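Here are a few friendly notes to read beside the structure. Please keep the 3D view open as you go.

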Amino acid sequence: MTGTGMNVAANRTLAKGQGISAHEDVFDRELEDLPEELRWREWMGRIEAVLFASAAPVGRDDLARIVGQGASVERLIDDIQTELAGRPYELIEVAGGWMFRTKTQFADAIKAAAELGDQPLAFTEMEMGVLCAIAYHQPVDRAGLKDIFGKDVSRDLLARLRYRDLISNGPRSPRPGAPHTFVTTETFLVTFDLQSLRDLPDMAVVSP
C-alpha cells in the first residue's frame, strides 16, 4: 500500500473511531464560498426542505444544524413566511417548533376533496366533546368522563382517538383499581394549532 493509501485508510479508521459520519464530513453549514444574498437564500431553502419533509413540527435547535452558526433561524423563518403570503399554505409556529399548514380559507376545499375520496377529516360531535373534556380536565379517567357527560364514554370512541394519536395513557388514577387516565398528545397540539395547553381558550364547562 502506498503512503497516500495508508493515510486515507488511517483517516477513515480515525473517523470511525471518533464517530464522525461521512455526511458530517462533507455537509457545509456555513457556505462561505457564496455571496451573502445567495447564502441566505440557500439557508431559507434548506429550512423549507426540512419542514416540507417533516410530518411534525421541527424545533429551532434542529433547524440551526443546517444553517450557518451566525444565522438567525427566526429571521430566516420570517423571510419564508413573507414569501408565502400569496400561497395556499403558510409556515406556523406550533408545539415548540415550525411546520407548514394549509390556510384556513381552503379548509372547505380540502374537506370536500377528502370526502370525495371517502376520507372524512371531521370529528363526530361526541368525539370532539370527549377530546375537549380530556384536554381541559387531564389527566382524567373514564369515570371522570362519565361525571362530565352524565353517561359512559365508549371504549371504542377512546380507541379511535388513541389510534389517531390525539390521546394517550396518563398516570394511574387514585380511584379504586387505579385505572389509567387519558391525556392529550403533541399531535393534538399540532392538529389544533396550539403551542401548548396554555393556549386553550377559556371554557368553564365542556359539554358533548
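The points below look at one helix, its packing and one glutamate.

1. This is a predicted model, in which local features need pLDDT of at least 70, side-chain atom pairs count only at pLDDT 80 or more, and totals for chains, interfaces and linings use all residues. Residues are numbered from 1 along each chain as its sequence is written, and side-chain values use heavy atoms, leaving out hydrogens and water.

2. Which residues of helix 3 are buried? They are Trp40, Trp43, Met44, Arg46, Ile47 and Leu51 (buried means under 20% relative accessible area, with a 1.4 Å probe and protein chains only). Because they cover an arc of only 155 degrees around the axis, they lie on the same side of helix 3; the arc uses directions from the helix axis to the C-beta atoms.

3. Those buried residues pack against helix 4 (60-64), helix 5 (73-83), strand 1 (89-94) and strand 2 (97-102), where contact means heavy atoms within 4.5 Å.

4. Finally, visit Glu127 in helix 7 (residues 125-137). At 6% relative accessibility, Glu127 counts as buried. Glu127 touches Leu157, Arg160, Leu161 and Arg164, not counting residues up to four places away in sequence.

Conventions
Buried < 20%, exposed > 50% of the residue type's maximum accessible area, 1.4 Å probe, protein only. Helix = DSSP H or I, 4+ residues; strand = E, 2+ residues; numbered from the N terminus.
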